[in-house]
Amino acid sequence: ELLEEVDTIIKKKSGIAKMIRVSEGNQPPKVCIAENDDQAFSKIGSAFLSAGYMVNPARSGTEAIERISATVPEIALIKLSLVDISGDIVIGKLKRMAKTQGVKFILYTEHSGENVIDVERTEENAGRTEQKKEKISITQKISEKEGIDRFVEYSNAQQLVDAVNELLRI
């Protein structure tokens, strides 16, 4: 009996339980999509509906926090540049809530020729500390914040679906 319980915990942790649930034709995975642009939401929402997901829309960061904390989806796609609250801030607030700890978060933005910033990193090399400079995108820097499971810069909605499928191992 104890071994069965441990086996169930391992399956849940590894994502196998989600794959079994989906393949048995039970409730499809829920995804909350926080996107304030109607045209972009239409494309993204349609792609997820076609892929078999239940879609819960949120049109602002405030609405995303309310909906995700109320419905607790398997995954939440949060646009970086929402109208009221930045997507990374939304994720940070949700990650501090006990009931949303199991939600996977993808922060996304449309692919663009955006600005880069200089970043200094300290590396240990053969007992010596070296300072290295590199250029990274501003959105990449934001995506390194705690709580973000994946950062996606997309040019078509299918890339977001693929990222979700990969994160949920479907």
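Reader: Which elements do the buried residues of α3 pack against?

Author: The buried residues of α3 pack against β1, β2 (54–58), β3, β4, β7 and α7, where contact means heavy atoms within 4.5 Å. Helices (H or I, at least four residues) and strands (E, at least two) are DSSP runs, counted from the N terminus. This is a predicted model, in which local features need pLDDT of at least 70 and side-chain atom pairs count only at pLDDT 80 or more, whereas totals for chains, interfaces and linings use all residues. Residues are numbered from 1 along each chain as its sequence is written, and side-chain values use heavy atoms, with hydrogens and water left out.

Reader: Which residues of α3 are called buried, and on what cut-off?

Author: A residue is buried under 20% relative accessible area, exposed over 50%, and partly exposed in between (1.4 Å probe, protein chains only). In α3, the residues that fall in the buried class are A40, F41, I44, G45, A47 and F48. In the protein, buried residues make up 37% of the 170 residues.

Reader: Why are the buried residues of α3 said to line one face of the helix?

Author: Viewed down the axis of α3, the buried residues lie within an arc of 160 degrees, so they line one face; the arc is taken from the directions from the helix axis to the C-beta atoms. The face of α3 turned away from that buried side carries the exposed residues D38, Q39, K43, L49 and S50.

Reader: What span should α3 have, and what do its end C-alpha atoms show?

Author: The expected span of a helix is 1.5 Å times one less than its number of residues. For the 13 residues of α3 this gives 18 Å, and the end C-alpha atoms are 18 Å apart, so the two values agree. The 12 residues of α7 should span 16 Å, and the end C-alpha atoms of α7 are 17 Å apart, which also agrees.

Reader: What makes D37 a cap of α3?

Author: A side-chain oxygen of D37 lies 3.2 Å from the backbone nitrogen of Q39, at the N-terminal end of α3. A polar contact is a pair of N or O atoms within 3.5 Å; within protein, one must be able to donate a hydrogen and the other to accept it, and residues adjacent in sequence count only if both atoms are side-chain atoms. At the start of α7, a side-chain oxygen of N156 likewise reaches to within 3.0 Å of the backbone nitrogen of Q158. As for what follows each helix, G52 comes after α3 with a positive phi near 95 degrees, and R169 comes after α7 with a positive phi near 60 degrees.

Reader: What makes a set of residues a nonpolar core, and which members of the largest one touch the most others?

Author: A nonpolar core is a set of buried Ala, Val, Leu, Ile, Met, Phe, Trp, Tyr and Cys residues joined through side-chain atoms within 4.5 Å. The largest one has 21 residues, of which I44, F48 and L77 touch the most other members. At least two residues each come from β1 (30–34), α3 (38–50), β3 (75–79), β4 (104–110), β7 (150–154) and α7 (157–168), and the largest share, seven residues, is supplied by α7. Apart from this core lies another, of 18 residues, among them A64, I85, L94 and L107. In soluble globular proteins, nonpolar side chains tend to be buried together.

Reader: Which residues does L77 touch?

Author: Not counting residues up to four places away in sequence, L77 touches V31, C32, I33, A34, I44, F48, I106, Y108, L160 and V164.

Reader: How do you know whether C32 and K79 are buried or exposed?

Author: C32, in strand β1, has 0% relative accessibility and so counts as buried. K79, in strand β3, counts as buried because its relative accessibility is 13%. Leaving aside neighbours within four places in sequence, K79 is in contact with A34, E35, N36, D37, G87, L107 and Y108.

Reader: Why is K95 called partly exposed?

Author: K95, in helix α5 (residues 87–95), has a relative accessibility of 22%, so it counts as partly exposed. The C-alpha atoms of K95 and G147, 52 residues apart along the chain, are separated by 6.3 Å.
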